[in-house]
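Please read the following report with the sequence and the model open.

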Amino acid sequence: MDAKLSVRNVYKIFGPHPKRALEMVRQGLGKDEIFEKTGMTVGVSDASFDIREGEIFVVMGLSGSGKSTMVRMLNRLIDVTAGSVLLDGRDITSMSRKELIEVRRREISMVFQSFALMPHQTVLQNTAFGLDVAGVPRAEREARALEALDAVGLKPNADSYPDELSGGMKQRVGLARALAVNPGVLLMDEAFSALDPLIRTEMQDELLRLQSEHARTVVFITHDLDEAMRVGDRIAIMQAGEVVQVGTPEDIVRNPANEYVRSFFRGVDVSQVFSAGDVARRDQVTIIERPGVSVRAALSRLEEHDRSLAVVHDKRRRFEGVVTSDSLLSCLRGLARDDDGRIEQAFVKDIEPARADAPLADVMSLAAESPWPVPVVDDEGRYVGTISKAALLQTLNRSDQGEE
Amino acid sequence: MDLPIGEGISAAVDFMLEHFQGAFDFFAAILKFLTGGLTDLLGWLPAWVVIVVLAGLALWRVNWKFALFVVAALGVVLGMQLWEQTMETLALVLAAAIVALGLGLPLGVAMAKSDLVAAVLRPVLDFMQTLPAFVYLIPAAMFFGLGQVPGAIATVIFSMPPSVRLMNLGIRHVDVENVEAGRAFGCNPFQLLFKVELPLAMPSIMAGINQTIMLGLSMVVIASMIGAGGLGNTVLTGIQRLDVGLGFEGGLGVVVLAIILDRLTQSFGQAGRKDSPLGRLKKLFGGEGSERTPT
């Protein structure tokens, strides 16, 4: 229902007799074998996935994995050998040339790795290119192009020529050109790969900002894992023409489908991939729901569970504080014999809960300094779980497991 | 062994002479109209008008130094009493270039778009370009008699290949991503050609046009052997009379034309984008205008 673009069993074979090689692929022969026998190259083999409305869908793989071919089949710059690509349920692969041109003019636009701006046109004319081609009258297309330029912060440069701009600015123009036609789907082919790292991060932020203002369906091609993790709502990983795994960044880091996928994450800074909420666990500590709980009762609960730490939250799970057996005991000692005490009196001081959406990197120092696990709360203050040192180390260690 | 290639060609020419005279006459009529019209026009214009126009072009496209050179060089031509011949040659070169480009540029596009056309045309072009220029004179004279028209035709054939080749090369070398961008934004083939490929291939196309004009100029001199007239005639007379001075004067006239045509056509190949005539004018007057406007 909410699949904007659907890729169904798509194959692409480069060579003079694709049907023959297709037969061989379907019989299960490998890419190298087919090349040896026929000289034909299998670009993409049996790719299927759905891209949801409004998400940034990243296709990641090394060069030669077929990701650039894949994205070009979505707007049919490259024809598929077999299979279908559905845009809102309409099959792009079987459209007439005329329909296809209409789709390209109104529904799918593209951003290119080396910008692909027209050097003889001004920034404004470049931005209006898609509208010009579609026959939009000059006044209207310039107004819309200016709007798109404004969105990427380049309105003042409208009359410049591309060679007067820096790489980052050029790609902003490329982005504005794609946005000006107000497409339902935005294809970005290694759009930021040619930029230097600082500018690249800036452009990623820009994309995320634009996306937060107006969620489009974006298909983002990259070979850079950090980039994929940063911008992607979901990631498809391609290997030798096949889609080997599709999932959220966390899914993929947690359960890599094979050695190839795992190898991507080797050396990845996991602390940047995961947020505190991803690592927080709820089964490590005893939970105490506050009303009516006395210090004495809390202590007996802890002893019963053989734990030394308890998190206290209210009925609506709002985080209140943390008690330990030590804090409870020392609190009891200060109380009169007949006073059971109120649990607030026993809260351990200086325990600040971490926010669930904070990167793990920010939580690491908290966890390292505190003798206790760090409690994690969501943005409404509700308790999510705790992060113990052991859990933290285990997560950080995960990326190294593949090497054993 | 004696291969009768020459005989075959002669027979073919005879055959064509007999059966396609109509087509040749039509082609000749176009060229005659062009060369005749241009010769009349340039001959009718007073010398100073031509000099002012060319110097103006030089000032606009190149710089004031070159404009000064144009004035001085054409002054020398005028002083050598070779003005009439120079204008004849210029008319012939321009007419031949118009026809050569009119045929060559579309052929270049076809060659870029189709590998088959390219495969067929490439050897033909090689042939056209490497066959000694004099050889064209014989059939040209046979088909069209003597005079300006056959001279122009031989020039067209000899000078066309670079514009075909460089058009083809220019389009084929347009950045793949630019072409993809054109297609991705919904260009039809016509839009792709005119909005993306031709503008991006422009430097190469202009180089081809420049080459065609320069080759045309060199051929026009040779074509004087079949009565094309102009500066070539002067040179030819110099050779026949062993008159070094006359030959040199004629040669100097050709050099002057060559330099002017070369620099002017080259200037159109470089960064033509901002220098549309209107843009230049705006710039020229824009500065003044903005000073006048109170801020």
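A:R76 sits in the loop that links α3 and β4 of chain A. Helices here are DSSP runs of H or I with at least four residues, strands are runs of E with at least two, and both are numbered from the N terminus. The phi angle of A:R76 is near 60°, a positive value in a residue other than glycine. Most residues other than glycine have a negative phi. A:R76 counts as partly exposed because 19 other C-beta atoms lie within 10 Å. The classes rest on C-beta atoms placed from the backbone: 20 or more others within 10 Å make a residue buried, 12 or fewer make it exposed, and a number in between makes it partly exposed.

The model is a predicted one, in which local features need pLDDT of at least 70 and side-chain atom pairs count only at pLDDT 80 or more, while totals for chains, interfaces and linings use all residues. Residues are numbered from 1 along each chain as its sequence is written, and chains are lettered from A and ligands numbered from 1 in the order in which they are written.

Chain B also has a residue other than glycine with positive phi: B:Q81, near 65°. B:Q81 belongs to the loop between α4 (64-79) and α5 (83-113) of chain B. B:I239, by contrast, is part of helix α12 (residues 231-240) of chain B. The C-alpha atom of B:I239 is separated by 19 Å from that of B:L137, which is 102 residues away along the chain.

| Residue | Other C-beta atoms within 10 Å | Class |
|---|---|---|
| A:R76 | 19 C-beta atoms | partly exposed |
| B:Q81 | 10 C-beta atoms | exposed |

**Chain A as a whole**

Chain A has 18 helices and 16 strands. Its radius of gyration is 27 Å, well over the 22 Å given by the globule rule for 404 residues, so chain A is more spread out than a compact globule. That radius is taken over C-alpha atoms, and the rule is 2.2 Å times the number of residues to the power 0.38. The C-alpha trace of chain A spans about 90 × 55 × 40 Å along its principal axes. Of the 404 residues in chain A, 41% are buried.

The domain assignment, which is automatic or from a database, divides chain A into domain 1 (3-272) and domain 2 (277-398). The C-alpha centres of domain 1 and domain 2 of chain A are 46 Å apart.

**Sheets of chain A**

An open sheet of 6 strands has the order β6-β7-β8-β3-β9-β10 in chain A, with mixed pairing. Two strands count as paired if DSSP finds at least two bridges between them. At the edges are β6 (108-111) and β10 (242-247) of chain A, each pairing on one side only. From one strand to the next, the twist averages 20°. Strands β7 (residues 185-189) and β8 (residues 217-222) of chain A run parallel and are joined by 5 bridges. A:M188 has A:F220 of β8(A) opposite to it.

Helix α3 (residues 67-74) of chain A packs on this sheet and touches β3 (56-60), β6, β7, β8 and β9 (234-239) of chain A, with its direction at about 155° to that of β8(A). Helix α8 (residues 167-180) of chain A packs there too, touching β6 and β7 of chain A, and its direction makes about 180° with that of β6(A). These angles run from 0 to 180 degrees between N-to-C directions, with axes fitted to C-alpha atoms, for helices over the stretch in contact.

Another open sheet has 3 strands in the order β14-β15-β16 (chain A), again with mixed pairing. Its edge strands, β14 (354-355) and β16 (383-387) of chain A, have a single partner strand each, so one side of each is left without a neighbour in the sheet. Across β14, β15 and β16 of chain A lies helix α17 (residues 360-369), at about 145° to β15(A).

**Contact between the chains**

Between the chains, 16 residues of chain B are in contact with 18 residues of chain A, contact meaning C-beta atoms, placed from the backbone, within 7 Å. The largest share of the chain B side, 6 residues, comes from α10(B). On the chain A side of the model, A:V103, A:R104 and A:R105 are buried in helix α4 (residues 97-106) of chain A. The cover over the buried residues of α4(A) includes β4 (82-87), β6 and α6 (129-133) of chain A, together with α10 of chain B.

Terms used. Two residues are in contact if their C-beta atoms, placed from the backbone, lie within 7 Å.
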